[in-house]
Amino acid sequence: MGNVPASGDEDDPDAETDGGVRAYTVRLELVDEPGELLSALAPIADNGGNLLSIHHERGNITPRGHIPVEVDMECPPDRFDGIVEALRDAGINVIQAGEEHYGEEISVVLIGHLVETDLSNTLSRIEDEADAIVQDLSLTSPEGTDGVASARARLAINSGRSTEALETIRAIGTDKELTVVEPLLAGDAA
Amino acid sequence: MKLAILGAGDVGRSVADLAGEYGHDVVALADSSHAAVDPDGIAVESALERKVGGEAVGTADPEDVFDTDYDVLVEATPTTLGDAEPGFSHVQRALEADRHAVLANKGPVAERYEELRALEAESAGSIRFEATVGGAIPILSTIEDSTPEAVTAVRGVLNGTANFILTRMAAEGLDYEHVLAEAQDLGVAEADPTFDVDGTDAALKFVILANVLSDGGFSLEDATVEGIQNIPGSALDLAAEDGRTIRLIGEATRDGVRVGPRLVPENGALAVTGTRNIVQIETRHAGSLHTSGRGAGGPETATAVLSDVGRLPPL
């Protein structure tokens, strides 16, 4: 038998899945018909992608009369091309196709006197200096506002810029005496 | 081979205990004040009983070890930083006498790698040090088999104490101090856990790996090191919300060494639990290799020492 995949197995047999997962943003155009969103999401889950969030801008129509949808998901890097291919096979219009257009998403955890050191300033500095967009933020402050708090921020970063962005965030952390827990980027193979 | 073992802690004692199974004779076993020496092979069992019972390991002077006829010096004295003494001098004396040396002591290989290699080049003996990185796990031999030139990076978890603490914090939602105290009660953390939790111990191992990849050039002061003391339980909770967890991860490449708490996928390969260690060896031609196992402990580390002895050429 060896490694021959069972027929009907939708997984790419060559995909390696032990390198961790990485987040991606894919922009799609959907026809305004019932069931269209569901059929667009199925190929992602069927091919090893994990959906993080969906921005379905119903009121916003593209010049061609379609509805733009932005899907945030994570998957092992080796599975990503398979997902895009499966979307196209399902007749979904993937607008941003070139790999250089895919946004990257990373999470960082910040620890320290976040409130005292002006969290909103910290986040603006991350957006400005690291050229990132803070997509969501989760904060816990078990010791009250003047104690040690932790925050997890999910950041959107231009493709291929994660390493530089993390260096900048690390410098901001040093500057504000915060501990920055960075992600270990999967597929870091150089 | 005839083994002379310096250091009678957990590792040195286990090497003495297991040497017979691997077909080797122990001609000397010494701690810092006494030694058991016999060119025909010491009575290992009674020497170990004396040592464990708090008596002198033998009646000889540790200095006598160097005058006996041995093939391999096993350096298993405690790791020291900076000049890495007295471990470095022990290895130096073995090589200058054209004998092999196998190290379980990280100090000399992390802090004075080039000097060791220079001494080895002048000697009929060679050095090996599998036991300094990841206890029982065959990491250096895997790199050696892939050839160091074909390895681009090594990353992973090489400190069981820190990994145990982070695992317990994530599982129980407890804070660092609480879990550290528990780890000390269980004997997982030492009374002074500083080097484990501040990243120094892991950094020494990744410095050794960087030295192997680059054939030298690194010491502890070249490493960027951050510990886990500042990680509250709440940070692990936040990481878990996102399907991630925090581990003390080291990375060694030809560009440098970095050790610090990092976010990794909760169910990913590097998120081993408890005291287990793992490394990912990234290669040019064979993708990544993962190797995992017990990274510390007397018998575990002794198996790495004895594997090294088995790989040495006859003198």
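Predicted model: local features only at pLDDT ≥ 70, side-chain atom pairs only at ≥ 80, totals over all residues.

Analyst: The unreviewed UniProt entry carries the annotation "binding site" for B:K106. This lysine counts as buried because 25 C-beta neighbours fall inside 10 Å, where 20 or more are required. Leaving aside residues up to four places away in sequence, B:K106 touches B:T79, B:T132, B:L204, B:K205 and B:I208.

Turning to the sheet, chain B contains an open one of 6 strands with mixed pairing, in the order β3-β2-β1-β4-β5-β6. Its edges are formed by β3 (35-37) and β6 (127-128) of chain B, and because each has a single partner strand, one side of each is left without a neighbour in the sheet. Strand β5 of chain B, residues 100-103, pairs with β6(B) in the parallel sense over 2 bridges, and B:A101 has B:I127 as its bridge partner in β6(B). Helix α3 of chain B (residues 87-96) packs on this sheet, touching β1, β4, β5 and β6 of chain B, and its direction makes about 175° with that of β4(B).

As for the chain as a whole, chain B has 12 helices and 12 strands, and 56% of its 315 residues count as buried. Its radius of gyration of 20 Å agrees with the value near 20 Å that a compact globule of 315 residues would have. Among contacts in chain B between residues at least 6 apart in sequence, 69% join residues at least 24 apart.

Notes
Residues numbered from 1 in each chain as written. Chains lettered and ligands numbered in written order. UniProt positions renumbered as here; feature names shortened; annotations may be inferred. Buried ≥ 20, exposed ≤ 12 C-beta atoms within 10 Å, placed from the backbone. Contact = placed C-beta atoms within 7 Å. Helix = DSSP H or I, 4+ residues; strand = E, 2+ residues; numbered from the N terminus. Rg over C-alpha atoms; globule rule 2.2 N^0.38 Å. Pairing = 2+ DSSP bridges. Axes fitted to C-alpha atoms, helices over the stretch in contact; angles between N-to-C directions.
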